Amino acid sequence: MSAELLPLIGIALLVFVIAALVQAVTGFGSVLAAVPGLLLVTDPARAVVVATIVSWILTTAVALRERAHVDRRDGLLLTLTGIVGMPVGLVLLAVADERRLSAGIAVVMLVLVLLMAIRPQIGRRGMPVAGIVSGVLLTSTGMNGPPLVMALVDREPRRYRATLQAVFAGQDLVAVAAFLVLGHIDSEVLLLSLGGVAGLPVGWRLGDALFRRVSPAQLRPLVIATLVISAAAVLVSAVM
């Protein structure tokens, strides 16, 4: 392996140790945490693809392990409606330039922080909308978590986290297949994904230990803090 490639793999490993830790604690933060770090070594489009591939591997493994806690009815609804929104996100990913895509990621995240801060109530009627928006965000920014979190965050923490992982796994699978068909997966994406997967076990174990100490009252502030920090990092990357 070329010495030039080792730093890429090493950075991806470190990025996804942190990303998996955040995902374990908040239920959704792997992509939000990973994209800013990946932007240090690759462009926004590749960062989205890498984050989605590694997220798919992580969430599939967790969803299978914690399947007893998954709300299957709502999870299926959010997954299917997310697939409906994915083509729109793929178009955005194809036509947006790098700076605009980075800035768009930051703006979307900040808007979702505001929505979560005012505690919107998303009933069952609002779930299809949350699902569609999550699909658009997944294939354009890789960050489908916030709308899904808004739909599920008020549930018991373990059920909340397990259901999120199941939805992520289903949506990510479709997105990865679309990225492959459209030619978005190249050797650089594969190398970064390899490094990212290597960092998942350590990050998840550390985060899971913290998650077991999180009460329902603490969950929402943790989610909002994750969004704010990640949005700030992406916005700085976009303007530099």
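Are Arg-161 and Asp-208 buried or exposed? Both residues are buried, a class defined by a relative accessible area under 20%, with exposed set at over 50% and partly exposed in between (1.4 Å probe, protein chains only). The structure is a predicted model, in which local features need pLDDT of at least 70, side-chain atom pairs count only at pLDDT 80 or more, and totals for chains, interfaces and linings use all residues. Residues are numbered from 1 along each chain as its sequence is written, and side-chain values use heavy atoms, with hydrogens and water left out.

Salt bridges were assigned where a side-chain nitrogen of Lys or Arg lies within 4 Å of a carboxyl oxygen of Asp or Glu. Eight salt bridges meet this rule.

Arg-161 pairs with Asp-208 in one of them, with the closest N and O atoms 2.9 Å apart. This bridge links distant parts of the chain. Arg-161 belongs to helix α8 (residues 157-181) and Asp-208 to helix α9 (residues 187-211), 47 residues apart. Helices are DSSP runs (H or I, at least four residues), numbered from the N terminus.

Asp-208 also forms a salt bridge with Arg-212, again with a closest N to O distance of 2.9 Å. Arg-212 is exposed, at 57% relative accessible area. Asp-208 is buried, at 9%. Shared partners join Glu-66, Arg-161, Asp-208 and Arg-212 into one network of salt bridges.

A further salt bridge connects the side chains of Arg-73 and Asp-74, at 3.7 Å from N to O. Arg-73 is exposed, with 55% relative accessibility. Asp-74 is buried, with a relative accessible area of 4%.

Definitions and conventions:
Helices (H or I, at least four residues) and strands (E, at least two) are DSSP runs, numbered from the N terminus.
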